[in-house]
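Thanks for coming. Please have a look at the chain on the screen, and I will walk through it in a few minutes.

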Amino acid sequence: MNSTEPQQDPFAHLKQRANERAVRTVERLRAGIAALQATGQKITAESLKQITRELESGFAGLSFQVIRRNPRAYALYREAANAFSIPAIPDDQQHKRRRRRADRRRTPRASYDPLQRLDKRDLVRRIRALGQELEAERQRRGALAYDQQALRARLLRLETEIILLQAERSHPE
């Protein structure tokens, strides 16, 4: 290499693609925010992910991590998001609220739902057992529907025979 020649960055093409992706993220975010504001929906990370998924078919939606890693997108998100526009609670009110919660002595969340106490293997076993029960119930219902259809067909034949017999009686030849 000659010292008079300017050195080219071997990663220039990667930097360019990263910049293009960053710009595209900001464009998608702007479109998502505009769509949410147009419909009057709250602007949250989850609502932005959903709306950007709906706006662009084949796109999984903007995740919060993608927004967070892009400084321009995150600034735009902070500007528009409802979580950042709610006024902060003064410190003295915040402490009172915390004390009240502590005084209530809430039971642990797992005690509300017994399934939360189970481990994954037990949950999988339970799901599989319920799946088998569901399939058996579907088969029983299918058999009942078939029997019911056969009874209706038989009833229709009998009604038709009654009508034909009544017609023969009323028109003797």
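**A helical chain, starting from one threonine**

T52 counts as buried, because its relative accessibility is 3%; buried means under 20% relative accessible area, exposed over 50%, and partly exposed in between, with a 1.4 Å probe and protein chains only. Before I go on, this is a predicted model, where local features need pLDDT of at least 70, side-chain atom pairs count only at pLDDT 80 or more, and totals for chains, interfaces and linings use all residues. Residues are numbered from 1 along each chain as its sequence is written, and side-chain values use heavy atoms, with hydrogens and water left out.

Back to T52, which sits in helix α2. Helices here are DSSP runs of H or I with at least four residues, strands are runs of E with at least two, and both are numbered from the N terminus. What does T52 touch, not counting residues up to four places away in sequence? The list is R28, G32, F59, G61 and L62, where contact means heavy atoms within 4.5 Å. With L62 there is also a polar pair: a polar atom of the T52 side chain lies 2.9 Å from the backbone nitrogen of L62. A polar contact is a pair of N or O atoms within 3.5 Å; within protein, one must be able to donate a hydrogen and the other to accept it, and residues adjacent in sequence count only if both atoms are side-chain atoms.

Now the rest of α2. Its buried residues are S47, L48, I51 and T52. They cover an arc of only 125° around the axis, so they sit on the same side of α2; the arc is that of the directions from the helix axis to the C-beta atoms. As a reminder, an α-helix has 3.6 residues a turn, so residues three or four places apart point the same way. The face turned away from the buried side of α2 carries E46 and E54, which are exposed. Cover for the buried residues of α2 comes from elements including α1, α3 and α4.

Next, helix α4, residues 71-80, where A73, Y74, L76 and Y77 are buried. Down the axis of α4 they fall within an arc of 160°, so they line one face of the helix. P71 and E79, on the other side of α4, are exposed. Among the elements covering the buried residues of α4 are α1 (12-39), α2 (45-55), α3 (64-69) and α5 (82-85). At the start of α4, the backbone nitrogen of R72 has a side-chain oxygen of N70 within 3.2 Å.

Where do these helices meet? The largest nonpolar core has 16 residues, and L29, I33, I43, L48, I67 and Y77 touch the most other members. Such a core is a set of buried Ala, Val, Leu, Ile, Met, Phe, Trp, Tyr and Cys residues joined through side-chain atoms within 4.5 Å. At least two residues of this core come from each of α1, α2 and α4, and α1 gives the largest share, five residues.

Finally, the whole chain. It has seven helices and zero strands. Of its 173 residues, 14% count as buried. The mean pLDDT is 84, and 80% of the residues reach 70 or more; pLDDT is the predictor's confidence in each residue, from 0 to 100.
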